[in-house]
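Hi everyone, thanks for coming. I'd like to walk you through one structure today, so let's get it up on the screen.

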Amino acid sequence: MDLFAKCTNPYVDEIRAANIYPYFHKLESRQDVEVIMEGKRRIMLGSNNYLGLTTHPRVIEAGLKALERYGSGCSGSRFLNGTLELHVELEEELARFLGKEAVMTFSTGFQSNLGIISAIAGKDDYIICDRENHASIYDGCKLSYATMLRYRHNDMEDLERKLQKIPDTAGKLIVTDGVFSMGGDICNLPEIVRLAKQYGARVMVDDAHGLGVLGAHGRGTAEYFGLTDEVDIIMGTFSKSLASLGGYMAADARIVDYVRHASRPFIFCASIPPANCATALEALRILEETPELPARLASLSAYMRNGLRARGIAIRESTTPIIPIYTYDTVNTLKTSKRLYDEGVYVNPVLPPATPATECLLRTSYMATLTEPLLDEALDIFERVLKQDAE
């Protein structure tokens with residue numbers, strides 16, 4: 001059989017032919033609250049640029065200066081020629097901000113989960129994983145060769161049942177998203193920490209969507225619950241609130257040092273380019289200086305939630321800047337996202353396997369730099385399009 005015989009996708013061909021293919025729209029402007037996509041203005045309600053820092057003058061200036069000073073790339077692994085003073089500075093400042101002894105950086109957020117989990121867990125260990133965790137967590141579990149047990153989403157009774165099945169002699173790691181990327185809900189971290197202590201497990205929180213969003217200072221899920229010292233590993237990304245590219249692990253210095261010397265995705269990958277490192281560092285400093293940014297983000301998210309409810313649009317309740325609007329079946333979701341796009345609002349359609357077949361949704365997400373008039377304009381478009389769908 002020809003290896004390439006399977007390289008067809010009738011489903012993709014079908015939705016392309018129906019003119020409802022939702023992917024790879026070309027962005028022709030900066031990542032901002034309003035963008036130009038394929039020649040037309042769209043209100044951006046599908047970005048993870050939560051604090052709106054991708055266009056901040058200080059962030060842009062930091063990237064330009066790093067590019068001029070260090071060039072375009074490091075051309076090597078952190079192990080060898082790829083460690084800049086910028087990498088070390090970013091790690092030290094981020095560790096202080098998060099309240100952990102040490103931080104190490106990875107070249108992407110996805111790679112961070114691969115690198116952390118595969119280094120920490122092995123074939124005789126168990127990883128207990130929320131069913132709605134990010135795909136990179138699942139791939140990290142596979143790479144680790146540990147036994148993975150999945151518990152029902154945010155179901156602490158099911159988590160305990162899974163923990164009870166694990167031999168006392170085995171290593172145990174509970175891994176959860178802090179803020180779940182599709183539903184926007186927050187993990188039950190207090191109960192996870194309690195169960196981890198009871199059953200001798202360690203806790204890892206993927207805070208990709210929590211940093212800059214939750215907590216009095218935007219430090220994320222652990223700060224939000226007052227449990228920074230109780231979470232063993234905090235993972236996060238620079239591609240969201242910190243307006244750059246890359247990822248990190250924050251933990252005790254001994255654990256970080258171990259992962260630095262054991263993680264294949266870290267050892268065998270080139271380091272974060274200088275400009276990306278500098279922009280993440282400057283965005284972190286802006287977040288530290290302006291804790292009102294996460295508060296503004298929360299206020300705008302609540303404004304949008306109230307506006308959707310007032311228009312009779314069903315949403316999944318949460319307190320984060322991720323607001324899912326349920327459209328249920330695949331075709332309806334694609335048609336609705338296309339109509340919104342044509343009317344001037346960009347959102348992300350979420351389809352199987354990211355959701356069950358009957359729970360497709362439009363993932364909307366918000367930035368601290370949006371304004372109430374822009375949200376009102378988007379709300380009017382939502383109401384018009386969704387009422388058309390209901391007719």
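Let's start with Arg260, which counts as partly exposed because its relative accessibility is 23%. Keep in mind that what you're looking at is a predicted model. Arg260 has a partner: its side chain meets that of Glu91 in a salt bridge, 3.8 Å from N to O. That pair links distant parts of the chain, with Glu91 in helix 3 and Arg260 in helix 9, 169 residues apart. And Glu91? Buried, at a relative accessible area of 6%.

Okay, so how many salt bridges does a search of the whole structure find? The count is 29. One of them pairs the side chains of Glu289 and Arg58, at 2.8 Å from N to O. Glu289 belongs to helix 11 and Arg58 to helix 2, so this pair ties together parts that are 231 residues apart in sequence. Glu289 is partly exposed at 48%, and Arg58 is partly exposed too, at 30%.

Now over to helix 2 itself, residues 57–70. Which residues of helix 2 are buried? They are Val59, Ala62, Gly63 and Ala66. These cover an arc of only 100° around the axis, so they sit on the same side of helix 2. Pro57, Lys65 and Glu68, on the other side, are exposed. As for packing, the buried residues of helix 2 go against helix 3 and helix 11. Finally, just after helix 2, Gly71 has a positive phi of about 85°.

Notes: Residues are numbered from 1 along each chain as its sequence is written. This is a predicted model: local features need pLDDT of at least 70, side-chain atom pairs count only at pLDDT 80 or more; totals for chains, interfaces and linings use all residues. Side-chain values use heavy atoms; hydrogens and water are left out. Buried means under 20% relative accessible area, exposed over 50%, partly exposed in between (1.4 Å probe, protein chains only). Helices (H or I, at least four residues) and strands (E, at least two) are DSSP runs, numbered from the N terminus. The arc is that of the directions from the helix axis to the C-beta atoms. Contact means heavy atoms within 4.5 Å. A salt bridge is a side-chain nitrogen of Lys or Arg within 4 Å of a carboxyl oxygen of Asp or Glu.
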